Amino acid sequence: MLQLTVATEADADCIASIHLAAFDSNPLLHAQFPTPSSLKVLHAALSQDALNAIRNGEGCGTIVLVVRDTEADGQIISFAKWDLPGKPKDIVHYDITWPEDCRQEYLDEYHEKAGSAKNRIIGNKPCYHLTFVGTLLKYEGRGAATLLTKWGLVRAKKDNVPVYLESTIAASSLYRRLGFVALDGFSMTLPGKGPRSGPIIYEELGMLKIWEDHETAGMDYWDSSLGITSLSQDYEAGIKPQHVVQAIFDLIDAYKQVQPSVWIHLQPIGEVMRAANELSIRWPDPKNRPPLYGVAFSVKDSIDIAGIPTTTGCPPLAFTPTASAPVYQRCIDAGGLFIGKTNMEQLATDMTGCRSPFGTLHSTFSKSHIVGGSSSGGAVTVSQGLVSFSLGSDTAGSIRVPAMFNGICGFKPTKGTVSARDVSPACLHQDCVSFLTSNVEDAEKLWDVCKGFDKGDFFAKLPSTRPTRKSKQLRFKFGVPPASALEICSLPFKKQFAEVIEKIQKSGGKLDDLEWNPFADANELLYNSSFVMERLTILPEGWFAQNKQLLHPVTRQVFEGALARNSSAVDLFKDLHRQAEYKRAVEDILTFEEDIDNETDEITLMIAPTTPFHPTIKEVEEDPIGINGRLGSFAHFANVLDLVGIALPCGTYEIEDVFEGRKARLPFGVTILAGAGLDGELLRVAAVLEEALQDVGQEE
């Protein structure tokens, strides 16, 4: 039987011993006090501190409680230290001369960060503050910590005063069950346990329990859509960004059991909580909040974020940038919450998602089918509902392909309209910063935030001189690849695509016979011409010859193939001339005609399956380069021709694989392409078609 009492002076030394035993697994304790002699000094200090608090009683603003086990001769098994509302508390270690082997800097950093988090949450308002609770390991799980915590909750409720505490991530679930909500947090980088171990990220959450009235009841929990519009409505209704962050990290933690290598870098939850709380403080008025307020997002690990290593899926070439990419910063400035950097194809050289040293991901629809790349991890985070959107890049289809294989939207704006500065390139002339979202509306909101001329991006385009206006009606006609080009598609894809064409026509689209040859010819330029040599420019001078053994075998093969071409400058100029020829031809095919008098405009589009089939991981392992090339049959030409495109999900189709007792279904999708600079018009058409196409194949 457990018995809670106020501690006596005779308990002080025992309390200190329990403190050290209970926190023995805590890395912060051993970072601050790394030697037996320093721990001995700490034990003495804790004993004296407990003794002082016990002697002075509640009058000093602190109370020490213990739990005894009556079946173990009244042994103390747990203790808690509460700071009571009304009086400021002194910090113990400031009055102690610590030995030289004590790491004072970690003590100071902890108290500064913990104090700042508390101040951001509750400021100078009176509260009950649970500063310590510890239980002997052999007695954990018997309810002693809950008993000690509830003591403060009962008193606080009677006084109508909030309760505050700092919690480790592991212990936070206990406090959440008792009604506490994480509202802020912090992290510290601590030394590893041994000379060969890397640094440890230590995290704590600042948690608060308030006494709800009928208007706020239920507003401390969130379980809804991560769509940007839906989130904004939830925030207006009173949900806090911290509630969303907690739900997201719960989902992330659960999904690690399915795919543990989604994240290359996951932000400490304490840091994300801190950022979320700062949003709440900065923009309390819902009417004045920025467009991405509290919207969680992931970032492909080729996009620089200051202080976080950029690996581009290749650890030997990793570096830690001192500045963040403008596209990332625009999202942060618009109120976005950065969650982490995602797994990707090594050096963005592939569209299968099977060339990462951090682990191969699979489609969120099937464990045996590929995820797509190179923005593979980002697609998983959006498809699985771990974030609202993901920043990535698209050279040959690296946004559009994983979008289709995971049933989401992939928007590739006009090249050069979103800054690519501080984004590690794949092929600098063809790269395009792009977005993964769950719907077209979110893609447009994100594009509005991120677009803009960046003089520091040498490939940025100047703003369009075409007058911006939104016609009352936007008609569209469209072409599709000829039957001969579609022969490469699998039978399910042919069937799905035929149904898509029918639905688009029923939605107002006019099918037209458009010339396909310029698209097919441009498709060959990206990887079957001298253009592929640009891949080699991303590597430091001489690096490949000396370090190629460090690369993934297939990545190495790609670079060796590029070198083997022995392309000359003459070859390159000939290919540039061909590119210009194809671009000019397509300008006359994918047109935009304005009728200002009648306020009716017409846009011509090209619509094709995003890929011709969906291979398994095993199939890619058997023919990695061949399959990658065939996947790009309708994707490689987009940036070569300077087009804008969006990959739309178009329902699912049944396969023979059985999952949970029934046949599995895989996603299908198409890419809709328009001429350069027609991003807004394309998004208008995509928004019209989105709902009509979402149930393609559902009548099987």
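Which residues form a nonpolar patch on the surface? Select Leu428, Phe458 and Phe459: together they expose about 350 Å² of accessible area. A patch takes residues with over 30% relative accessible area and no salt bridge, joining like charges within 9 Å and nonpolar side chains (Val, Leu, Ile, Met, Phe, Trp, Tyr) within 5 Å. Areas come from the Shrake-Rupley method with a 1.4 Å probe, and for residues only the protein chains shown count as cover.

The model is predicted, so local features need pLDDT of at least 70 and side-chain atom pairs pLDDT 80 or more, while totals for chains, interfaces and linings use all residues. Residues are numbered from 1 along each chain as its sequence is written, and side-chain values use heavy atoms, without hydrogens or water.

Stay on Leu428, in the loop between strand E12 (409-412) and strand E13 (432-437). Helices (H or I, at least four residues) and strands (E, at least two) are DSSP runs numbered from the N terminus. Leu428 is partly exposed, at 40% relative accessibility; buried means under 20% relative accessible area, exposed over 50%, and partly exposed in between (1.4 Å probe, protein chains only).

Next, go to helix H1 (residues 12-22). Its buried residues are Ala12, Ile15, Ala16, Ile18, His19 and Leu20. Show what covers them: the list includes helix H2 (27-32), helix H3 (36-56), strand E2 (62-69), strand E3 (75-83) and strand E4 (128-135), with contact meaning heavy atoms within 4.5 Å.

Now the aromatic rings. The structure holds 21 aromatic pairs. Rings of Phe, Tyr and Trp (its six-membered ring) pair if their centres lie within 6.5 Å; planes under 30 degrees apart count as stacked, over 60 as edge-to-face and the rest as tilted. Select Tyr235 and Tyr293, an edge-to-face pair with 5.3 Å between centres and 90° between planes. Tyr235 belongs to helix H7 (residues 228-237) and Tyr293 to the loop between helix H9 (269-282) and strand E9 (296-300), so this pair links parts of the chain 58 residues apart. Tyr235 is buried at 3% relative accessible area, and Tyr293 is buried at 5%. Phe476 and Phe478 make a tilted pair, 6.5 Å centre to centre with 40° between the planes. For a cluster, select Phe297, Tyr328, Phe338 and Phe389.

At Trp447, the charged end of Lys451 sits over the ring, 3.8 Å from its centre. The rule asks for NZ of Lys or CZ of Arg within 6 Å of the ring centre and within 35 degrees of the ring normal.

Move on to the salt bridges, which number 26. Each is a side-chain nitrogen of Lys or Arg within 4 Å of a carboxyl oxygen of Asp or Glu. In the bridge between Asp301 and Lys341, the closest N and O atoms are 2.9 Å apart. Asp301 is in the loop between E9 and helix H10 (326-333) and Lys341 is in strand E10, so the bridge ties together parts 40 residues apart in sequence. Both Asp301 and Lys341 are buried. Asp394 bridges to Arg400 at 2.8 Å; Asp394 is buried at 0% relative accessibility, and Arg400 is buried at 1%. Shared partners join Glu271, Arg274 and Glu278 into one network.

Finish with the backbone. The peptide bond from Gly373 to Ser374 is cis, with omega near 10°. Asn160, which is not a glycine, has a positive phi near 55°, and it is exposed at 58% relative accessibility. Leu347 also has a positive phi, about 55°, but this residue is buried at 5% relative accessible area.
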